[in-house]
Amino acid sequence: SLEGHTNRVTSVSFAPDGKTLASGSGDNTVKLWDAASGAQKSSLEGHTNSVSSVSFAPDGKTLASGSDDRTVKLWDAASGSQMCSLGGHIP
């Protein structure tokens, strides 16, 4: 089992190559995990409310996360850096 979130896990997604797993949580974070070892690779912080969905781009280079804060954030999957935040979504 992968432990590291401090609230419920709401979404998981494997990278296309199967080597990385992303998890979104009610703790407002996205975590990236090494699928083989279970080691946490990084914690992506920037959402201000629960992360409800995570999904990798087909090439595995970008990760999208959707949150109850009404934003979608795009992340560089290799570095964990936030690339942009798309706001204006209504509930």
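Biologist: Which residues does glutamate 45 touch, not counting residues up to four places away in sequence?

Modeller: This is a predicted model, where local features need pLDDT of at least 70, side-chain atom pairs count only at pLDDT 80 or more, and totals for chains, interfaces and linings use all residues. Residues are numbered from 1 along each chain as its sequence is written, and side-chain values use heavy atoms, with hydrogens and water left out. Contact means heavy atoms within 4.5 Å. On that basis, glutamate 45 touches Thr29 and Trp75.

Biologist: Is glutamate 45 buried or exposed?

Modeller: Glutamate 45 lies in strand β4, residues 40–45. Strands are DSSP runs of E, at least two residues, numbered from the N terminus. Buried means under 20% relative accessible area, exposed over 50%, partly exposed in between, with a 1.4 Å probe and protein chains only. Glutamate 45 has 60% relative accessibility, so the residue counts as exposed.

Biologist: How many charged residues are in the lining of the largest pocket?

Modeller: A pocket is an open set of points on a 1 Å grid over the protein atoms alone, where a 1.4 Å probe fits, with protein on both sides within 12 Å along at least five of seven lines; lining residues have an atom within 4 Å of a point. The lining includes Asp17, Lys41, Phe56 and Asp59. Asp, Glu, Lys and Arg count as charged. Beside five nonpolar and two polar residues, the charged count is three.

Biologist: Which residue stands opposite serine 11 in β2?

Modeller: Two strands pair if DSSP finds at least two bridges between them. β1 (residues 9–14) and β2 (residues 20–25) run antiparallel, joined by five bridges. Across from serine 11 is glycine 24.

Biologist: Is arginine 8 buried or exposed?

Modeller: Arginine 8 is found in the segment before β1. The residue touches Gly24, Ser25, Gly26 and Ser50, not counting residues up to four places away in sequence. Its relative accessible area is 52%, so arginine 8 is exposed.

Technical notes
Helix = DSSP H or I, 4+ residues; strand = E, 2+ residues; numbered from the N terminus.
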